Amino acid sequence: MVTKQELLEFMKETAYKPMTVQELESHYGVDGAEEFKELVKLLNEMENEGEVIRTRTDRYGVPERMNLVRGRLHAHPKGFGFLIPDDRDHPDIYIHLNDMKGAMQNDTVIGRVTGRGGPNGTKLEGEVVRVVKRANSQIVGTFDNHETYGFVLPDDKRIQKDVFIPREKFMGAVSGQKVVVKLVTFPDGRAAAEGEIVEILGHKDDPGVDILSIIRKFGLPEAFPPEVMEEAEAAPDTIREEELVGRRDLRGRTIVTIDGEDAKDLDDAVDVQRLENGNYLLGVHIADVGYYVKEGSALDREAFNRGTSVYLVDRVIPMLPHRLSNGICSLHPRVDRLTLSCEMEIDPTGKVVRHDIFPSVIKTVERMTYKNVRQLVDEEADPEPELLERYKELLPFFRQMRDLALILREKRMRRGAIDFDFSESKVIVDEEGKPIDIVKRPRTIAEQMIEEFMLAANETVAEHFHWLKVPFLYRIHEDPDGEKLLHFMQFITNFGYVVKGKGNTVHPRALQSLLEEIKGAKEETVISTVMLRSMKQARYDAESLGHFGLAAEYYSHFTSPIRRYPDLVIHRIMREVIDNGGALPDRRQEYLASRMPDIAQQSSERERLAVDAERETDALKKAEYMVDKIGEEFEGIISSVTSFGMFIELENTIEGLVRLSDMSDDYYHFHEMQLALIGERTARVFRIGDEVKVRVARVNVDERNIDFELVDMKSRAGGRANVIRADADAVHRGAGGRTKRSRGKVIAAEGTQERNARGTRNAAGESGGADFWGFKPSGGGKRRAGGAGAGSGGGGTGGGPGKRGAAGGKKKPRTGGFGGGFAAGPGSGKGAGGGGKKKGRSGPRAGGGPRTSALIAVEASTELTPPRFDVSGEPKKKRWKKKKRKD
């Protein structure tokens, strides 16, 4: 009987043309009614999944051969969306609001490319043809009762339309309650979705309802099914002697666990010895969870569906029942536990010269915490006498671990691994879930020790099983997108930094060198953040494609089988390969190879969902924490700049927005490439990394929004602040604004274009070198008066030469045009401008202009009346008039 894979491979062939079911029957030699029914059933299933398309003439083919794209829709709160194709090599497709065809967030859809857009016409635009699979069968939101009918306002703002609820489907809900709605019909055109209430979570202001709403919103499972709990309860509390057969006994070694103070699922333990030859012997011992969670069992199926444990602000949603995760699978001190061990001999340069992977039994001697280990090994720490006395016998052991960790880290840095050092925080809540404090999580030498040991084990295991050529799951991190990387490399030139690379590619070593160079600098946070955003997300895959961020050719996740399903899967594969002498039977090899891609995709999706849920609960509690801080002042740094304002991050990692409408001392211009706001009148500059003092202005807990205002912001005379984009065709002002012109002076700021009727133009653009202000010279006037042009360069750190000024007038100018190169910013530069091209005398040539002014005044030869736009922003009917000079 023909299989799905055979059908797909056949239809993807270049010579294939869409066939009817009868033609496919003939091609595959289907014999008998039963086989024909199976073929029809298979085609129907594949059509429902969007894997094949049936045309109007009942012919079948794959979407990509019919100019269609299958993928997942990522919706935006503003209504548009992006189709993320299943084919990772295919670029994303922008979907306009009017082309969504009722598709919702995360729906699997078939789309069609209809054109190209974007600044250079490189972005694909398209439309949804049909929805293949709905991702949202239930929605969480706030109920609004209108007596004869009701609406549910979705918590997920990416779902644009409210859900209509008939009166008979209220289930007793009242306005203001958080409810779960089962969708009966989905949105279609202008028609809203219709649903019925299936669960009332409680009033939105009741304690605990906010977190419960997020749990339901992301579809996170809470209670385990009865059959899963039954299997978990059957797990033993202790290890029997017969279970030790075939395991290496390591119970006599000094092995410890090092975790956070509140951790309960202890799944990794370590030990380090110094060998006689001067090398180190590192042992990483991981709980043998696969021994208790058998493939295909109820526990295994539930772990696959969950994918990972989810760590919310006030609770943990575990992948496995506590009976296992906190019991027989947790490496508690001074009790026997079954483990899988990776033993590595490492020379003084950090190279693994020998390794061994085997099942084992251990008995840890201590349950250590990061806090205590840091005090014991950090040379700058002042440990408590009681702590030193308690662990005096283990002190040399921990310091040996520290020395090896530093060697491994140095080796990683030499090969080019990227090490981001972002601050993490933890929200402390009381018994009712109310946030009472936000504390930073330090990344000390103790955390780095465990991190280095786990990285070494993960790489060793990945390479070992890669060369055995058995089905496996790898953790991969692909090279950055060329366009994003180029944008980042252009961005850092504003700070005077350069990353070496060829074209749009760069080695991770170059990026790590940059991180080391900016260590401790004011711009460290901003550059690290923009660098991270330019990279792709790490994910799981059945192929070993390398890990860009770690500069590792082979990498896997082996060290956390209690909380990550991929680790559990490879644990079982490792045991099976070891038990079979380093290989797998052919049938088993084939079966596992077919399963790995699905497991990798499911695990990646569940991981992203868990991260989104964790971030949303953090944002919720941080907003709630700031409610009673309105009016208080804080120091912070600018973490992001946008066309509508700038985000400020406080010391406790809380982030809020200073809206452009609240920046009342000037009109600010947004420069996208430099990610900066520049004051038109004051030349005041705000860019990422700058320190500012802010006051908490507004907090919206429902939207998770915190608004700040600058403390030293003075009100300007009238008008409302707005933003002028660098690509604007003309300068528009709000009420009270004006364009400055006097005796032919044109004031040009970055991001603006100011034109007059006589052809004089100062256009925004990009300059070479380390130019920050970005002025670009343009042609002079084309009328009787000589034009004006200006180039600038050398802003930022260590300026380069200024650009050449523009030529003067082209048509018999009475007065030569003025051209000059000006250096803007702390650097210096030189440039020159040409004079008139025809008969007029040459304009003056100048170089090395003012070094600190963001606004360059350029002399022209005519005086202009005020612009076409009056203070109300309405166009004036009268055209501009030229006034003759009296002299």
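Modeller: Two strands are said to pair if DSSP finds at least two bridges between them, and the strands themselves (E, at least two residues), like the helices (H or I, at least four), are DSSP runs numbered from the N terminus. This is a predicted model, in which local features need pLDDT of at least 70 and side-chain atom pairs count only at pLDDT 80 or more, while totals for chains, interfaces and linings use all residues. Residues are numbered from 1 along each chain as its sequence is written, and side-chain values use heavy atoms, with hydrogens and water left out.

Biologist: Which strands close into a barrel, and in what order?

Modeller: There are 5 strands in the barrel, in the order β26-β27-β28-β33-β32, with mixed pairing. From one strand to the next the twist averages 50 degrees, where axes are lines fitted to C-alpha atoms (for helices over the stretch in contact) and angles run from 0 to 180 degrees between N-to-C directions. Helix α16 packs on this sheet and touches β26, β27, β32 (691–700) and β33 (705–710), its direction making about 50 degrees with that of β33.

Biologist: What makes β26 and β27 a pair?

Modeller: Strand β26 (residues 633–642) is joined to β27 (residues 645–650) by 6 bridges, and the definition asks for at least two, so the two strands pair. They run antiparallel, and Ser640 has Phe647 in β27 as its bridge partner.

Biologist: Why is Val353 called partly exposed?

Modeller: Buried means under 20% relative accessible area and exposed over 50%, with partly exposed in between (1.4 Å probe, protein chains only); Val353 has 44%, and is therefore partly exposed. Val353 lies in strand β20 (residues 352–363). Leaving aside neighbours within four places in sequence, Val353 is in contact (heavy atoms within 4.5 Å) with Asn279, Glu345 and Asp347. The C-alpha atoms of Val353 and Asn279 are separated by 9.3 Å, although these residues are 74 apart along the chain.

Biologist: What is noted about the phi of Arg334 and of Ala683?

Modeller: Most residues other than glycine have a negative phi. Arg334, in the loop between α7 (322–328) and β19 (336–346), has a positive phi of about 60 degrees although it is not a glycine. Ala683, in the loop between β30 (676–679) and β31 (685–687), likewise has a positive phi of about 60 degrees without being a glycine.
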